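Please report on the aromatic pairs and the ligand site of the structure shown here.

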Amino acid sequence: MSRFPSPRAGEHRSVLAQPAVDHVLTDLDGTYVDATFGRGGHSRLILERLAQNGRLIAFDRDPQAVEAGASIADPRFHIEHTPFSRLRVTLDTLSVTRVHGVLFDLGVSSPQIDDPLRGFSLRADGPLDMRMDPSRGETAADWLARAPFEELAQVIREDGEERFAASIAKAIVARRADADTRGGRPLSTTADLAALVANAVGRSRKDAAQHPATRTFQAIRIHINRELEELASALEQAAALLATGGRLVAISFHSLEDRIVKRFIEAHHHPERASGDQRRLPLRADQLPRATLAAIARVYPDEAEMAANPRARSAVMRVAERTAEPWPGAHR
Ligand SMILES: C[S@@+](CC[C@H](N)C(=O)[O-])C[C@H]1O[C@@H](n2cnc3c(N)ncnc32)[C@H](O)[C@@H]1O
């Protein structure tokens with residue numbers, strides 16, 4: 001039988017499940033955080049391995065994920081409906097001040113993408129929502145209806161790495177004007193947006209393997225959910241909470257996420273590189289800041305996993321281990 005059995009509809013097939021769990025667990029009686037519960041693929045594997053005194057605290061901002069987590073009846077497990085940028089305050093309320101590992105499996109889950117009503121998919125029509133937590137924040141349709149041209153173009157260019165960002169932003173603004181002045185339809189469904197983008201870039205786009213709106217959808221999703229800000233904030237909090245020898249494990253699915261993880265680990269593995277530069281002073285060896293993280297692995301899915309799960313093709317997992325040095329600026 002395959003190591004990667006096919007999921008049923010609405011299920012999520014976890015990427016790099018065993019390697020992530022192997023890397024994150026260093027003490028089977030320890031306290032762990034699964035920052036992105038999803039459907040609990042990684043959490044369940046962690047619980048299978050944890051000893052009786054071990055503890056797992058899971059986070060997800062999606063109420064459906066949290067509902068799925070509520071079915072895990074295990075006294076060692078607890079799930080919170082909150083964004084992972086609230087890691088420290090949430091653990092504080094649970095009186096947890098040190099953890100032995102934190103796992104991030106970033107991005108959206110298959111149940112989120114596969115449900116047209118969530119508005120993430122450019123292949124199935126649905127309302128332009130794209131919020132991971134539909135109970136709060138602005139929908140993609142609301143943002144597209146109000147954002148000025150410059151903001152639209154910047155988000156699509158930077159968060160989608162889309163070279164036709166200006167043409168797409170221009171088409172969105174023109175569509176709004178048309179809806180206002182001539183009673184045309186506002187941009188309200190995923191099919192509307194996919195068609196508008198395809199029309200705006202269609203003749204210039206050479207990479208036919210990808211839908212012309214893929215990058216625009218990625219950009220809007222990242223922006224609506226503040227994904228990059230969430231990640232930068234949570235990495236800092238997670239690393240500061242780690243016990244000596246504890247592990248930070250992050251699985252990314254696109255270069256913007258991976259760049260943030262990579263730079264964060266590098267900056268704490270080699271703080272002397274940044275500090276000499278910033279102060280422009282010659283420093284004695286004993287004055288150099290010391291590493292608070294050690295980069296210990298970068299792992300890609302193997303061929304079998306990539307063949308069985310197309311989502312795995314873009315995945316990269318980075319692992320860092322906390323050293324004994326105090327975290328910069330930490331008060332405890
Ligand atoms: C790729 S899925 C995780 C899948 C999970 N590891 C599994 O095996 O089932 C990512 C999950 O993280 C959640 N998520 C993404 N960003 C988040 C954030 N900033 N705070 C909390 N949850 C987040 C999403 O709602 C989604 O359920």
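## Aromatic pairs

Phe264 and Trp327 are both buried, a term for under 20% relative accessible area, with over 50% called exposed and values in between partly exposed (1.4 Å probe, protein chains only). The model is predicted: local features need pLDDT of at least 70, side-chain atom pairs count only at pLDDT 80 or more, and totals for chains, interfaces and linings use all residues. Residues are numbered from 1 along each chain as its sequence is written, and side-chain values use heavy atoms, without hydrogens and water.

Rings of Phe, Tyr and Trp (its six-membered ring) pair if their centres lie within 6.5 Å; planes under 30 degrees apart count as stacked, over 60 as edge-to-face and the rest as tilted. The count comes to 3 aromatic pairs. One of them is Phe37 with Phe77, tilted at 45 degrees, with 5.8 Å centre to centre. Phe37 is buried at 3% relative accessibility, and Phe77 at 10%. Phe264 and Trp327 form a tilted pair, 6.2 Å centre to centre with 35 degrees between the planes.

## Ligand site

The ligand is surrounded by 25 residues, each with a heavy atom within 4 Å of it. Ser14, His42, Asp60, Asp105 and Glu230 are the closest.

Polar contacts are pairs of N or O atoms within 3.5 Å; within protein, one must be able to donate a hydrogen and the other to accept it, and residues adjacent in sequence count only if both atoms are side-chain atoms. A ligand nitrogen is 2.8 Å from an N or O atom in the side chain of His42, and a ligand oxygen is 2.9 Å from one in the side chain of Gln112.
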